[in-house]
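I opened this model to look up a few things and kept notes as I went. The entries follow the order of the look-ups.

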Amino acid sequence: MNQVVISLCRELAEEANAIITYTEDLAAIGGEDPETAALLTDIRLDELEHVQKLALGLSRVLIGEEDGEATDEAGGEDE
């Protein structure tokens with residue numbers, strides 16, 4: 001499970017860096033090319049969606065790990 005958490009965190013970081021890059025590019029473009037700015041804005045929102053999905057996946061994995069630990073601990077007390 002540890003590798004799953006690491007992989008999800010790495011992907012989150014990559015997506016976050018992509019959002020930073022698009023934000024910097026949008027700032028550099030300014031009002032110079034509205035069509036390109038709109039395109040980059042749409043792509044940046046797609047990246048945000050990826051971040052949200054990855055965060056949900058990470059939450060699911062981490063909560064599952066905690067539930068498993070709680071179950072293990074409870075099982076240990078019953079024995």
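The notes below go from the whole chain to single residues.

**Ground rules.** I am working on a predicted model, where local features need pLDDT of at least 70, side-chain atom pairs count only at pLDDT 80 or more, and totals for chains, interfaces and linings use all residues. I number residues from 1 along each chain as its sequence is written, and side-chain values use heavy atoms, with hydrogens and water left out.

**Overall.** I looked up the secondary structure and found two helices and zero strands. Here helices (H or I, at least four residues) and strands (E, at least two) are DSSP runs, numbered from the N terminus. I then checked burial: of the 79 residues, 19% are buried. Buried means under 20% relative accessible area, exposed over 50%, and partly exposed in between (1.4 Å probe, protein chains only). The accessible surface comes to about 5,800 Å², and carbon and sulfur atoms hold 55% of that. These areas come from the Shrake-Rupley method with a 1.4 Å probe; for residues, only the protein chains shown count as cover.

**Contacts.** I counted a contact as heavy atoms within 4.5 Å. Among contacts with a separation of 6 or more, 69% are between residues 24 or more positions apart.

**Helix H1.** H1 covers residues 2–29, which is 28 residues. I got 41 Å from its first C-alpha to its last, close to the 40 Å expected at 1.5 Å a residue; the expected span is 1.5 Å times one less than the number of residues. The buried residues of H1 are Val5, Leu8, Leu12, Glu15, Ala18, Leu26 and Ile29. Just after H1, I noted a positive phi of about 60 degrees at Gly30.

**Val61.** I found Val61 in helix H2, residues 34–78. What does Val61 touch beyond its neighbours within four places in sequence? Its contacts there are Met1, Val4, Val5 and Leu8. Val61 and Val5 are 56 residues apart along the chain, yet their C-alpha atoms are separated by 7.1 Å. Val61 counts as buried because its relative accessibility is 5%.

**Salt bridge.** I searched the whole structure for a side-chain nitrogen of Lys or Arg within 4 Å of a carboxyl oxygen of Asp or Glu. The search gave one salt bridge. It joins Lys53 and Glu49, with the closest N and O atoms 3.3 Å apart. The two lie four residues apart in helix H2, so about one helical turn separates them. Lys53 is exposed at 53% relative accessibility, while Glu49 is partly exposed at 36%.
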